[in-house]
Amino acid sequence: MTNDTNSRLHNTTTCFPISYGSIAFYLGKDNIHNNPTATHRWTLYVRSPDPTYDLSQSISKVIFQLHPSFPQPTRELTQPPFEVTEMGWGEFEASIRIVWKEEAEERPVLLTHFIKLYPSNAPVATVDPSTYMNTTVPVVSEKYDEVVFTNPKVVFHKQLLDGGGMHHHQQQQSRKNKKKKQLAYPLSHESSVMEHFRTYGDETDVKAMLAAKEFLQKELRSVKDRLIKVDDELEDVKGMLVAASATAAAQAATLDGVVGTKGDTSSSSSTVAAGTGTATGKGGSTSSKSGKKKKSAAG
């Protein structure tokens with residue numbers, strides 16, 4: 001490894017796992033009666049799936065873009081925990097921009113997240129939420145993702161590792177050897193939110209990868225079957241075209257023969273007619289001459 005911190009590491013891949021999402025609590029019927037525009041209290045966040053990972057080592061800031069109806073809809077946070085907590089009544093899509101440390105010279109990552117206030121199996125909007133929701137069970141909508149840095153800067157690679165990041169080909173070993181450490185900041189300013197953070201482990205990851213592999217294999221088999229079917233159909237079409245072309249050629253040859261025969265017959269008839277006309281013409285001339293002789297004799 002080179003000692004030049006401004007250079008990039010070659011043939012190196014660093015994996016940066018992240019979790020982002022929202023946790024929304026229903027505030028209850030009494031609160032809605034007092035403030036109809038505040039039916040829920042929700043928190044939008046970006047965090048590490050590993051509770052011991054220090055995000056401040058690699059992230060410079062996180063910018064949350066809320067619905068324009070909120071005061072100061074653009075929220076910029078430069079220190080973890082990276083989260084925004086608000087109250088409201090409507091669901092909407094928010095954007096999250098993760099900006100890395102300046103020395104990393106990496107492009108920001110832009111994420112989008114739909115803030116869910118109601119469970120997926122919720123009745124129609126006209127039904128009173130208090131009939132199927134309570135104030136202690138939140139609606140959790142969280143996603144897991146991984147940002148992969150290829151040939152990162154030496155200094156940024158070190159920051160990722162110092163934060164608890166994992167070198168891709170040493171990921172499993174690092175998980176086994178990593179010691180627990182205490183962060184300098186809380187995972188969330190909302191204790192109720194922190195209690196409902198999802199946990200991720202090797203078993204869950206393996207199951208997800210196996211499910212994804214099975215899905216891809218199924219899709220590949222389906223595509224292969226469709227391609228084989230298309231090839232068979234193309235062969236059938238080619239055969240039909242060859243047969244149709246041969247039939248058309250045979251019909252054209254037969255038609256040419258019929259037209260040629262009719263042409264020869266018409267030519268012979270014309271020749272006979274022309275011969276007859278000549279003979280008649282000569283006879284006429286002879287008659288005419290005979291007539292002249294007779295006239296002369298009579299005269």
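Me: Which residues form the negative surface patch?
Reply: The model is a predicted one. Asp and Glu count as negative, and a patch takes residues with over 30% relative accessible area and no salt bridge, like charges being joined within 9 Å. The residues that form the negative patch are Asp231, Asp232, Glu233, Glu235 and Asp236.

Me: In which helix is the place of Glu235?
Reply: Glu235 is one of the residues of the negative surface patch. Its place is in the helix spanning residues 202–298, namely helix 5.

Me: What is the volume of the largest cavity?
Reply: With a threshold of 30 Å³ or more, the count comes to 1 cavity. For the largest cavity, the volume is about 120 Å³.

Me: Which strand gives the largest share of the lining of the largest cavity?
Reply: The lining has 16 residues, and those nearest the centre of the cavity are Arg47, Ser48, Leu55, Tyr185 and Leu187. At least two lining residues come from each of strand 2 (40–47) and strand 5 (82–88). The largest share, 3 residues, is supplied by strand 2.

Me: What is the omega of the peptide bond from Pro80 to Pro81?
Reply: Most peptide bonds are trans. Pro81 lies in the loop between strand 4 (74–77) and strand 5. The bond from Pro80 to Pro81 is cis, its omega being near 5°.

Me: What is the phi of Gln72?
Reply: Most residues other than glycine have a negative phi. Gln72 has its place in the loop between strand 3 (59–65) and strand 4. Although Gln72 is a residue other than glycine, its phi is positive, near 50°.

Methods
Residues numbered from 1 in each chain as written. Predicted model: local features only at pLDDT ≥ 70, side-chain atom pairs only at ≥ 80, totals over all residues. Heavy atoms only, no water. Patch = residues over 30% accessible without salt bridge, like charges linked within 9 Å, V, L, I, M, F, W, Y side chains within 5 Å. Areas by Shrake-Rupley, 256 points an atom, 1.4 Å probe, with all protein chains shown as cover. Salt bridge = Lys/Arg side-chain N within 4 Å of Asp/Glu carboxyl O. Charge placed at Lys NZ, Arg CZ, Asp CG, Glu CD. Helix = DSSP H or I, 4+ residues; strand = E, 2+ residues; numbered from the N terminus. 1 Å grid on protein atoms, 1.4 Å probe; cavity = no way out; pocket = protein on both sides within 12 Å on 5 of 7 lines; lining within 4 Å. Points joined across faces, edges and corners; volume = space filled by probe spheres on them.
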